[in-house]
Amino acid sequence: MSTSRVRLLVASGRRWDAAALQLALVAEEALARGLPVVVAAPEIAAPAWRAALPGVAVRALTHSTSVRAHRAEVRALAESIRANVALVDDELMRNVCLRALGDRGCVLQRLGLGEEAPAESFVRRLAARRTPAGLLIPQLSDGPLDRDTSRRTPAFPVPFAIGVHDVPTNGLTTPEGEQLAAPGDAAPGDAAPVLLVIPDPGNPMSALPAIRAAAHVVRRQTAQQDASEAAHSPFSRRTLRIHLLGAPAVTQGLRVQAAALRIANAVTTEPLPADGFHLPAGCVAAWVTASGDEGAHAVLTAMSHRVPVLLDANSALAPIVTHAVTGVLLHSDDPLADAIAAGWIARLMAHDDERRSMGAAGRARAQRLHGVARLTDAVFAASERLAGMARRAA
């Protein structure tokens with residue numbers, strides 16, 4: 001099937017999150033290429049899909065409705081454009097779309113980063129000469145597909161993608177109401193530098209090293225301030241601020257630790273939006289401990305905003321970052337880990353040219369390896385290969 005003949009059905013079974021956003025990016029790019037697109041999504045996520053894809057038919061699936069009713073709704077939606085490629089993000093929607101497309105297309109299920117592949121029974125429909133189905137395995141680098149080659153289920157590597165847009169000029173303000181500089185472009189001598197910290201919701205205290213390293217920097221800065229300035233304000237405009245992104249249940253423990261380290265006044269928090277986020281203005285670095293799709297989205301968002309990224313070298317997301325080029329890879333098992341991390345934060349604050357060079361390299365990498373067009377091309381290429389495999393099997 002040629003790309004120009006693709007008629008895309010996107011069927012998500014998830015709430016609106018970083019994983020569902022990957023499907024939305026493909027739909028948006030397909031629409032920009034003039035291809036027919038329709039969407040089926042849970043009722044709770046449908047408003048976000050409609051906002052992301054204005055003008056696209058979005059069928060809201062009520063959670064209380066039976067699977068049989070969902071099949072009928074999705075089939076009607078697919079027939080409205082005679083869809084021949086279905087892109088899904090969970091097993092239930094995969095099975096619904098297999099029935100909806102019949103024998104006129106193929107179904108591709110995108111796995112989340114680190115998600116286990118379905119059982120081998122997944123390939124039975126291909127063997128029975130029905131709708132061919134395959135897996136999309138997200139990759140963080142251009143390396144070979146890292147999965148068990150003994151499995152018979154067709155699997156295709158696709159890049160993790162992010163929309164790379166112009167950096168917004170608006171952002172956070174200081175507690176005094178002063179506007180900060182744009183992300184990646186803060187001049188520490190003139191505006192408050194910000195360290196963005198994005199904890200892992202499943203293990204919030206994994207971000208504690210970021211708080212300890214920031215405390216080193218803040219205490220050093222405070223000690224160097226003029227006594228009269230320090231008496232007037234314990235945290236001046238030039239003192240590092242720490243901005244935590246996450247739900248209150250995720251950030252609460254980190255705020256307690258910040259208070260114990262006597263830097264509570266330097267810490268601000270904000271919920272992590274499900275559909276992405278804007279980096280705080282004046283952001284000099286982003287320390288990410290979140291994992292999976294959410295973590296990858298956070299890392300690439302920072303890179304696209306020209307902000308250097310700090311990651312643990314043992315993180316599954318480490319392949320995204322090239323040490324000292326697009327960010328910094330830290331070794332948490334080093335006895336001097338906190339001091340080394342503090343040194344890197346201070347260095348990025350003090351050396352504008354180096355920080356901006358890292359930021360520019362990070363944005364270039366995000367555009368080159370993680371662009372939406374590249375993801376969409378990979379999805380369509382996988383559908384063509386899968387259709388070819390089905391024809392040969394028949």
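Does D333 count as buried or exposed, and what is the relative accessibility? At 63% relative accessibility, D333 counts as exposed; buried means under 20% relative accessible area, exposed over 50%, and partly exposed in between, with a 1.4 Å probe and protein chains only. D333 sits in the loop between strand 13 (327–330) and helix 10 (337–350). Helices (H or I, at least four residues) and strands (E, at least two) are DSSP runs, numbered from the N terminus. D333 lies 20 residues from A313 in sequence, and their C-alpha atoms are 9.9 Å apart in space.

The model is predicted: local features need pLDDT of at least 70, side-chain atom pairs count only at pLDDT 80 or more, and totals for chains, interfaces and linings use all residues. Residues are numbered from 1 along each chain as its sequence is written, and side-chain values use heavy atoms, without hydrogens and water.

Helix 9 (residues 292–304) is mostly covered, with 12 of its 13 residues buried. Among them are G292, D293, H297 and S304.

Strand 2 (residues 37–42) and strand 3 (residues 57–61) run parallel, joined by 5 bridges. Two strands pair if DSSP finds at least two bridges between them. A41 stands opposite A60 in strand 3. Together with helix 2 (residues 46–52), strands 2 and 3 make a right-handed β-α-β unit. Right-handed means that, with the strands pointing away from the viewer, the path from the first strand over the helix to the second runs clockwise.

The structure holds 2 cavities of 30 Å³ or more. A cavity is a set of points on a 1 Å grid, over the protein atoms alone, where a 1.4 Å probe fits but cannot get out; lining residues have an atom within 4 Å of a point. The largest cavity has a volume of about 40 Å³. Its lining includes R14, D89, E115 and D293. By class, this lining has 3 nonpolar, 1 polar and 5 charged residues. Ala, Val, Leu, Ile, Met, Phe, Trp, Tyr, Cys and Pro count as nonpolar, Asp, Glu, Lys and Arg as charged, and the others, Gly among them, as polar.

The second largest cavity has a volume of about 30 Å³. Its lining divides into 6 nonpolar, 1 polar and 1 charged. Helix 1 gives the largest share, 3 residues.

How values were computed
1 Å grid on protein atoms, 1.4 Å probe; cavity = no way out; pocket = protein on both sides within 12 Å on 5 of 7 lines; lining within 4 Å. Points joined across faces, edges and corners; volume = space filled by probe spheres on them.
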